[in-house]
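Reader: Could you take me through one part of this model in some detail? I'd like the cut-offs along the way, please.

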Amino acid sequence: HVQARGPGHHKVLCSCVHYFGENGDETGVGITTDAAGNVYVTGRTTSTRGALTAVNGVGGGADIFVAKSGAHLSTLLFSTRIGGAGDEEGRGIAVDASGNIAVTGWTRSGNFPTQNAEDGTLGGTQDSVIFKLNASGGLVFTTYYGGNGAADTGNGVAFDASGILYVAGKNHDGLSNHAYVGKYETVGNDEWTNELPGSGEGEAS
């Protein structure tokens with residue numbers, strides 16, 4: 001147990017602390033839990049061995065990682081990487097009642113692994129990516145989303161009670177950022193995506 005003083009000098013108690021990483025650099029960006037208290041983390045990694053040996057796609061540069069740990073972080077239940085030859089980062093992560101995992105973030109790879117993809121092509125320098133894993137970590141679908149800009153990214157993702165996926169982020173049109181929200185069916189069909197253009201900067205998470 002670790003005790004610290006938080007804002008306003010209230011005592012903060014951390015019941016468990018756990019390192020995760022291998023031979024490269026890791027950055028955790030998104031985190032969530034399921035009903036059993038299992039912990040899910042996504043971010044980016046440059047590691048290629050140990051717990052991060054497994055990879056969907058060719059990998060290279062910085063890849064997205066997804067890791068699932070037990071409730072007290074003492075047991076790593078599974079971990080995997082997903083990525084193409086360029087850089088990627090996972091930013092948002094969610095889990096449904098069946099243990100399926102959704103992740104969104106960004107990629108700069110033209111060969112990011114796509115499966116049942118609504119959009120199978122990198123549109124600009126950097127596109128949003130959305131993908132779903134089953135409870136064992138296997139790919140259900142992956143897709144790009146973006147235009148011809150250089151700063152598209154998915155920031156947030158959520159499931160509803162039916163397992164439908166909702167994604168939020170930003171698209172860059174070369175001049176400014178526009179927020180977007182999208183809805184994806186359980187197997188990856190894009191039911192709708194709404195962009196919210198305006199005169200200023202926009203971003204959704």
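In what order do the 4 strands of the open sheet come, and is the pairing parallel or antiparallel?

Author: Happy to! This is a predicted model, where local features need pLDDT of at least 70 and side-chain atom pairs count only at pLDDT 80 or more, while totals for chains, interfaces and linings use all residues. Residues are numbered from 1 along each chain as its sequence is written, and side-chain values use heavy atoms, with hydrogens and water left out.

The open sheet has 4 strands in the order S8-S9-S10-S11, with antiparallel pairing. Strands here are DSSP runs (E, at least two residues), numbered from the N terminus, and two of them pair if DSSP finds at least two bridges between them. Strands S8 (88-95) and S11 (139-145) are at the edges with a single partner strand each, so one side of each has no neighbour in the sheet. On average, neighbouring strands are turned by 20° against each other, direction ignored; the axes are lines fitted to C-alpha atoms.

S8 pairs with S9 (residues 101-107) in the antiparallel sense over 7 bridges. Ile93 has Val103 in S9 as its bridge partner.

Strand S11 contains Thr142, which counts as buried because its relative accessibility is 0% (buried means under 20% relative accessible area, with a 1.4 Å probe and protein chains only). The Thr142 side chain reaches the backbone oxygen of Pro113 at 2.6 Å and the backbone nitrogen of Gln115 at 2.9 Å. Leaving out residues up to four places away in sequence, Thr142 also touches others, including Ile82, Phe112, Ile130 and Phe131 (contact means heavy atoms within 4.5 Å).

Key:
Axes are lines fitted to C-alpha atoms, for helices over the stretch in contact, and angles run from 0 to 180 degrees between N-to-C directions. Buried means under 20% relative accessible area, exposed over 50%, partly exposed in between (1.4 Å probe, protein chains only). A polar contact is a pair of N or O atoms within 3.5 Å; within protein, one must be able to donate a hydrogen and the other to accept it, and residues adjacent in sequence count only if both atoms are side-chain atoms.
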